[in-house]
Amino acid sequence: MDLDQLPRNRSARLRAIGGEGGFRRRLLELGFLPGTTVRMVRRVEIGGVIEVELRGCHVSLSAHEARIVQVDPVQAEPVQVEKP
Amino acid sequence: MTTAGASPRIVLAGNPNAGKTTLFNALTGLRAKVANYPGVTVEFESGAWLLPDGSRAELVDLPGCYSLSALSAEENVAIRAIVGVPPMPAPDAVVIVADATELPRHLYLALQIKELGVPSVLALTMVDAIARAGASIDAGAIEAATGMPAVPVHGPSGRGLRELGDTLQRVLAAGEVAGVELADEPAALRADVASVAAHVPGELHHDDAVRARAIARWTLSSIEEAELHSTVPRDVAVAARARRDAARAAGRDLDVELAGARYAWIDRHSPAFVARRRPAARRATDRIDAVLLHPLFGFALFAVVMTVVFQALFVGADPLIGGIETAVGALGDFARAQLGAGLLRDFLTEGVIEGVGAVLVFLPQILLMFLFLGLLEDSGYMARVVVLMDRVMRSVGLHGRAFVPMLSGFACAVPAILATRTMERRRDRLLTMLVVPLMTCSARLPVYGLLIAALYPADGATSFGQGALMAAMYLFSIVVALVASHVFGRTVLKGRPAPLVMQMPPYRRPHLRTVARMMLQRSGVFVRDAGTVILACTIVLWFLLSFPREPALERDYDALRAEAKNAAIVEVSPGAPSLQERLAALDSAERGDRLRHSYAGRLGRTIEPVIAPLGFDWQIGIGILGAFAAREVFVATMAVVYGLGDVDDAGSQPLRDRIRAERRSDGTRVFTPRTCLSLMVFFALACQCMSTLAAVRRESGTWKWAAFLFAYMSVLAWVASFCVYQLGGVLGLA
């Protein structure tokens with residue numbers, strides 16, 4: 001599944017980061033690495049942007065460009081990211 | 001590395017939104033200045049940091065960056081400043097600012113710096129947010145794992161700053177350290193890195209094998225060719241490319257391996273650094289974002305916020321601007337009263353004082369602009385503006401952050417151009433600067449007002465058509481700006497805007513002192529750098545409009561004045577204009593005559609063949625030249641040209657009547673509808689504003705872009721006006 005298709009509040013494991021160039025390397029440096037867990041926080045349709053959480057950090061990225069990131073959803077139910 | 005006597009040079013590095021600027025301000029107070037390096041297009045702030053032992057260090061604030069890799073020209077500056085690639089001197093130590101709430105990601109940059117073997121200290125910000133969530137951060141564990149002392153700091157209150165200073169002194173005293181590799185690298189990657197490191201020259205690696213490998217990794221993970229070559233020798237870049245190609249052929253991905261090795265280390269160690277718990281600030285932020293990024297409410301609130309910003313610039317600054325104009329006018333009157341008539345008096349009042357006034361009138365809008373920018377950035381809302389506007393702005397090649405400058409351009413291009421500095425990439429800044437001056441700024445309104453009035457019969461009340469024409473001018477400017485941005489983004493400023501990837505900062509209360517400091521500093525820079533250019537231009541314009549002096553002309557008018565006075569003594573007929581009225585009329589006529597005979601007047605005649613195809617006569621040419629001081633000056637200049645004296649209001653009835661009545665030598669009207677339309681299009685597109693050019697020169701750092709802006713807008717204006725006037729003729733418009 002492309003990262004931008006991930007439903008809100010669902011988590012997934014990153015499978016592969018395609019594409020090339022600076023944008024791809026920036027994603028890698030921000031921690032978008034194969035095996036990392038990401039959660040879809042929200043999508044802002046008006047701006048064409050998705051916000052995801054990974055390694056405890058929130059990152060916004062263009063939804064269209066986020067398609068270079070392939071993910072495998074890990075759970076069917078919305079996940080409780082953490083318990084107090 | 002510290003030379004005896006010289007204060008140590010400390011570089012402040014960190015991710016965007018790490019709290020770097022707040023810490024910088026807390027450490028340097030108001031002692032910061034803007035520093036430039038030849039050949040480096042990025043501007044730094046540098047300030048004196050008073051260390052606990054009483055000595056001083058020079059603290060240089062680097063642009064925020066997520067890593068040292070050169071993925072764009074801006075990012076390359078960070079590695080050059082930390083490694084010490086000329087013209088940047090090598091630093092004695094680096095203070096790395098890291099947000100404790102998002103430590104893993106911020107550690108990535110810290111690990112890169114640690115490899116280079118530069119003495120470094122980690123300053124942990126947002127520790128209070130962690131504490132509020134009932135968790136804590138273990139600075140000792142961070143130091144044990146990274147070898148870098150970690151100090152929790154709180155910029156706004158000053159907590160931890162003394163400890164940071166103490167720690168820095170300890171690190172400085174220890175002197176140069178060797179690089180430490182903090183990454184879990186597979187053997188194949190190590191071999192790649194070692195093979196590239198063998199090409200790194202001694203002046204870069206300082207006999208430190210770890211540092212040589214760090215520079216090799218940097219070369220392997222950077223892509224900007226030009227930037228690579230300005231930092232490392234060509235054969236290092238060539239070796240890196242060869243290894244990358246070989247790895248790809250073997251089915252390996254060096255980018256994933258390089259980033260993966262560092263994150264493997266970070267993931268293994270970071271659980272010991274912070275209790276894994278989401279800080280409260282994030283939960284609050286998520287709740288706020290549920291509203292502020294809501295498809296409906298979020299956009300409505302965005303519209304409200306932007307309306308407030310725009311209205312403040314467009315209307316809110318008026319009383320202050322009026323106050324400055326009144327004060328400058330009073331100063332001019334005072335000087336005029338004190339000095340005897342003559343060249344010096346005219347120079348001081350019409351040149352210098354007017355020029356100073358021309359600079360100062362921008363200050364209210366600039367201060368307000370930076371007040372809003374500061375509040376938007378500091379609160380975290382600017383990141384949301386970018387998220388909301390990214391699609392729209394990107395569709396014309398602009399960055400999401402260009403929205404605020406573009407909007408502000410409807411008030412005035414000068415603060416809008418200064419606001420482009422919130423964008424990190426030079427390309428994004430330049431593109432915004434090139435199109436912002438096309439927006440219908442408030443200085444164009446008096447010109448449009450006068451010309452639209454001339455289009456309609458004298459007795460006509462404000463009609464629907466007048467309003468529609470004004471609205472059309474706004475729409476026209478937006479369309480042209482978007483098209484221009486689209487074109488320049490594909491030609492002179494090639495390069496797609498980098499796709500949006502941005503950390504979302506939590507909402508925070510803005511620090512008013514930080515905001516106030518930025519307002520003062522940016523205003524100061526404007527007055528010093530752009531102000532001097534504006535002042536010089538005002539004096540040149542004054543010269544062109546007032547010289548050469550013609551004694552014969554003065555004598556003629558003196559004779560007429562004497563005649564009027566004599567006549568007033570002999571005949572006092574009821575209904576005739578009073579002596580004062582007659583003298584005032586003579587003064588106005590004299591000023592008009594002087595202007596027509598000035599250099600500007602001659603220039604107006606010289607350029608007449610060029611502007612005649614646009615439907616303009618030489619008197620309009622003088623108006624256009626005079627409007628270079630500021631577009632609204634066109635109105636006042638036309639009034640003087642027509643011998644009407646001082647008119648600074650486009651609503652002036654005598655001026656409107658005169659413009660409606662003005663005839664050419666062949667008896668036809670000058671301000672026909674098609675001339676008026678052509679002139680309005682000309683003012684919409686031409687860069688008739690020295691202050692805009694001065695601001696572009698200041699912000700781009702070179703006259704080149706100011707010249708390009710002037711050239712493209714002038715050509716565009718001429719061609720468009722030509723089309724309007726000639727087409728108007730074809731279509732049978734009067």
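At what angle do helix α22 and helix α31 of chain B pack, and how far apart are their axes? In this predicted model, where local features need pLDDT of at least 70, side-chain atom pairs count only at pLDDT 80 or more, and totals for chains, interfaces and linings use all residues, side-chain values use heavy atoms, with hydrogens and water left out. Residues are numbered from 1 along each chain as its sequence is written, while chains are lettered from A and ligands numbered from 1 in the order in which they are written.

Helix α22 (residues 445–455) and helix α31 (residues 653–661) of chain B pack at an angle of about 55°, with their axes 9 Å apart. Helices here are DSSP runs (H or I, at least four residues), numbered from the N terminus, and axes are lines fitted to C-alpha atoms over the stretch in contact, with angles running from 0 to 180 degrees between N-to-C directions. α22(B) and α31(B) are therefore oblique to each other, a word for angles that are not under 35 degrees (roughly parallel), over 145 (roughly antiparallel) or 65 to 115 (roughly perpendicular). The contact (heavy atoms within 4.5 Å) is made by B:Gly449, B:Leu450, B:Ala453 and B:Ala454 of α22(B), and by B:Leu655, B:Arg656, B:Ile659 and B:Arg660 of α31(B).

Another helix of chain B, α21 (residues 426–435), has ten of its ten residues buried, so it is largely enclosed by the rest of the structure. Buried means under 20% relative accessible area, exposed means over 50%, and partly exposed lies in between, with a 1.4 Å probe and protein chains only. The buried residues of α21(B) include B:Arg426, B:Asp428 and B:Leu430.

Turning to aromatic rings, the structure holds 20 aromatic pairs over all chains, where rings of Phe, Tyr and Trp (its six-membered ring) pair if their centres lie within 6.5 Å, and planes under 30 degrees apart count as stacked, over 60 as edge-to-face and the rest as tilted. One of these is the stacked pair of B:Phe310 and B:Phe314, 5.1 Å centre to centre with 20° between the planes. Both residues lie in helix α14 (residues 297–316) of chain B, four residues apart, about one turn of the helix. B:Phe310 counts as buried at 17% relative accessibility, whereas B:Phe314, at 22%, counts as partly exposed.

The rings of B:Phe362 and B:Phe526 have their centres 5.9 Å apart and their planes at 70°, so this pair is edge-to-face. The pair links distant parts of the chain, 164 residues apart.

Terms used. Helices (H or I, at least four residues) and strands (E, at least two) are DSSP runs, numbered from the N terminus.
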